[in-house]
Amino acid sequence: MPLTEDEFFRLEDKARDLRLLTMDTSFWAGSAHVGGALSVLDILTILYYKYMKVDPQRPDWEDRDRFILSKGHAGVALASVFADKGYFDVTELETFNHNMSKFGMHLDRNKVKGLDASTGSLGHGLPIALGMALAAKSTGRNYHVYTVLGDGECDEGSVWEAAMACAHYKAGNLTAFVDRNGLSIDGATEEVMALEPFADKWKAFGFQTLEVDGHDMRKLSEAIDSALAVTDKPTMIICRTVKSCGISEWEGNYKWHYAGINEDTRDKSKESIRKYHAARRGK
Amino acid sequence: MAGGVTFNVIDAKDMATTEMYGNALAELAQKHPEIVGLTADLAKSTKIGVLEEKLPGRLYNMGIAEQNMFGVAAGMALSGLVPFVSTFATFASMRAGEQIRTDICYQNLNVKVIATHAGVSFGTAGTTHHCTEDLGIMRTMANLTVVCPADGLETVKALTAAYEHKGPVYIRINRGYDKPVYDSTDYDFELGRAITMHEGSDMTIIACGATVFRAREAAKILEKSDGIHARVLNMHTIKPLDTEAVLKAVKDTRRIITVEDHNIVGGLGSAVADVIASSGMGCAFLKLGIPDTFAPVGLQEDIMAYFGYDDNGILKAARELIGKVFEEKENWEDEV
């Protein structure tokens, strides 16, 4: 079902608010993986506010849909989503990265309510997601498992081990996304380790493979609908995204993969995000 | 029957340790529907394949891809299943070491790793298929229980104990036939509690896995021909280590030998040495095993003899240690 106008604007406003909260949290933390947090944020928004069957009052509800942030360094964005959803109080984010805080930059499932798996080391999320998808079949539950990988992360061999197994086990209850912002720590993915032809690789590994603008809620929604309609194979949605999306001065610059955030940069970046979303809403 | 085994112990004597494991797992899985098995194209070699023969659909073959396999096991455990994962010890502990550490131990998940072909039990395969590092690696992983059973029947006991323990467990077993240490499963087995195999107060030989049989044989000869009374401890759980039994051995016997089918760096000997050093008590001490080198090609028995941790090697070490002179004080407390 295409997004209604109401849904579209509700999601747009939510994405803006979550970007702003992510910048506040990054400031409280002192520094964060801002670039990749802002590039993945629209994917997180549409999943948690449109598609996923979750209940913040029952984080361990057995029939809930699962989400694995395989690119665990974007934990600052996901923690903001959890706070906004009501898994815990937003003020708890003020301790992010502080000594003895429950929130480190890579989130810990045993401490952070709402989190389905601890991630941070790359190449681990797709295997864990597949385990959850196979467990659903084994236990007769019909939850869906979503995971988001970074594009640089796909250099890891374990991603392709898992990709092969997802197709082999016909994991139609698994949908993966790649946050294809084109940059990893040392520079452009195509210079560090070329991924293209990327979609062809996922197709060859047996995934229904879709490519969309990862900041377009309508396109994301269409892609997820297609993923849910196919039940005999996993789906990969390659999302073309912009690193640091929403902060015009930082967009597409790998130097903002990880950055210190002071009061001034926070305020300027929030102003930029407001302008970006106002323009995006008006499209 | 004790230990959850219903197959006949007479049959069991003709079974390789892995076969006993496969059968025992199938029986455990029959009783507990949340148990699933995973392997990486080693269903036949590790004998986890018995699970699939007896309970079709309960074993997932993940192909030759260990990192993915342990990640999948973590995902399954996060969703209410209890995965038992089997591959060779060398691939479990090293190829997928980070997945065991980060996906399984860090999240404290209920995954049981039964790593086969440990030590030099696949000796003729060469160093790529030996695993003389796993105890050292595994015992540094927080939340993980590390077990090295003495024979096939003890593997069955360990398997049941592992299922009953909530949290990750690593069990290392051998390829092929182990010399039977036990003739039934009718004995008390508790994770983290050493078992005295031979009484003695002149020295203590602390062994695990395939070396328990050899240590007990050596102790019998020492008693008969040398009049040396050696206590033999089956230290089947490397972590948590039975520190009480080690401290008692120091106090009672003041001479300790450890024996393991593993590098002498990092494994049982190192774990015992930690306890001795921290006790502040004087103790003559020898570690037997593979002396920080890669083992040559050969049968397990022969490699054990080559490096001096078979029956004869233990005898030689015991005779050397009994003659060692060191200062002893009546009141140990004064020395701490």
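## A walk through the cores, sheets and helices

Start by selecting W202(A) and displaying its neighbours: leaving aside residues up to four places away in sequence, it touches L126(A), C154(A), V159(A), W160(A), A163(A), F207(A), T209(A), M236(A) and I238(A). Keep in mind as you click around that this is a predicted model.

Now zoom out to the core. W202(A) and L38(B) are the residues with the most contacts inside the largest nonpolar core, which has 86 residues. To see where the largest share of that core comes from, colour helix α4 of chain A, residues 125-139: this helix supplies 9 residues. Then switch to chain B, where domain 1 (9-172) and domain 2 (195-324) each give this core at least three residues. Another core, of 65 residues, lies apart from it; pick V120(B), A218(B), A284(B) and L286(B), which are among its members. As background, nonpolar side chains in soluble globular proteins tend to be buried together.

**Next stop: the chain A sheet**

Show chain A as a cartoon and look for five strands in the order β2-β3-β4-β8-β7, an open sheet with parallel pairing. Which strands stand at the edges? Those are β2 (66-69) and β7 (208-213) of chain A; each has a single partner strand, so one side of each has no neighbour in the sheet. From one strand to the next, the twist averages 20°.

For one facing pair, select T209(A), which stands opposite M236(A) in β8(A). Both T209(A) and M236(A) are on the list of residues that W202(A) touches.

Bring the helices back. α4(A) lies across β2, β3 (145-150) and β4 (174-180) of chain A, at about 170° to β3(A). Helix α8 of chain A, residues 217-229, also packs on the sheet: its contacts are with β3, β4, β7 and β8 of chain A, and its direction makes about 170° with that of β7(A).

**Over to helix α2 of chain A**

Select I46(A), which sits in helix α2 (residues 34-51) of chain A. Is this residue buried or exposed? I46(A) counts as buried because its relative accessibility is 0%. Beyond four places away in sequence, I46(A) touches L11(A), Y51(A), M217(A), L220(A), S221(A) and I224(A).

Show side chains where they meet: α2(A) brings A37(A), L41(A), L44(A), Y48(A) and Y49(A), while the α3(A) residues include V76(A), V81(A) and F82(A).

**Last stop: the chain B sheet**

Chain B also has an open sheet of 5 strands, in the order β7-β9-β8-β11-β12, but the pairing is mixed. Its edges are β7 (195-198) and β12 (284-290) of chain B. The strand-to-strand twist averages 25°. Inside the sheet, β8 (residues 203-207) and β9 (residues 230-234) of chain B pair in the parallel sense over 5 bridges; select T204(B) to find R231(B) in β9(B) opposite.

Finish with two helices that pack on this sheet. Helix α10 of chain B (residues 211-226) touches β7, β8, β9 and β11 (255-263) of chain B, its direction at about 170° to that of β9(B). Helix α12 of chain B (residues 268-279) touches β8, β11 and β12 of chain B, at about 150° to β11(B).

Conventions: Residues are numbered from 1 along each chain as its sequence is written. Chains are lettered from A and ligands numbered from 1 in the order in which they are written. This is a predicted model: local features need pLDDT of at least 70, side-chain atom pairs count only at pLDDT 80 or more; totals for chains, interfaces and linings use all residues. Side-chain values use heavy atoms; hydrogens and water are left out. Helices (H or I, at least four residues) and strands (E, at least two) are DSSP runs, numbered from the N terminus. Buried means under 20% relative accessible area, exposed over 50%, partly exposed in between (1.4 Å probe, protein chains only). Contact means heavy atoms within 4.5 Å. A nonpolar core is a set of buried Ala, Val, Leu, Ile, Met, Phe, Trp, Tyr and Cys residues joined through side-chain atoms within 4.5 Å. Domain bounds come from an automatic or database domain assignment. Two strands pair if DSSP finds at least two bridges between them. Axes are lines fitted to C-alpha atoms, for helices over the stretch in contact, and angles run from 0 to 180 degrees between N-to-C directions.
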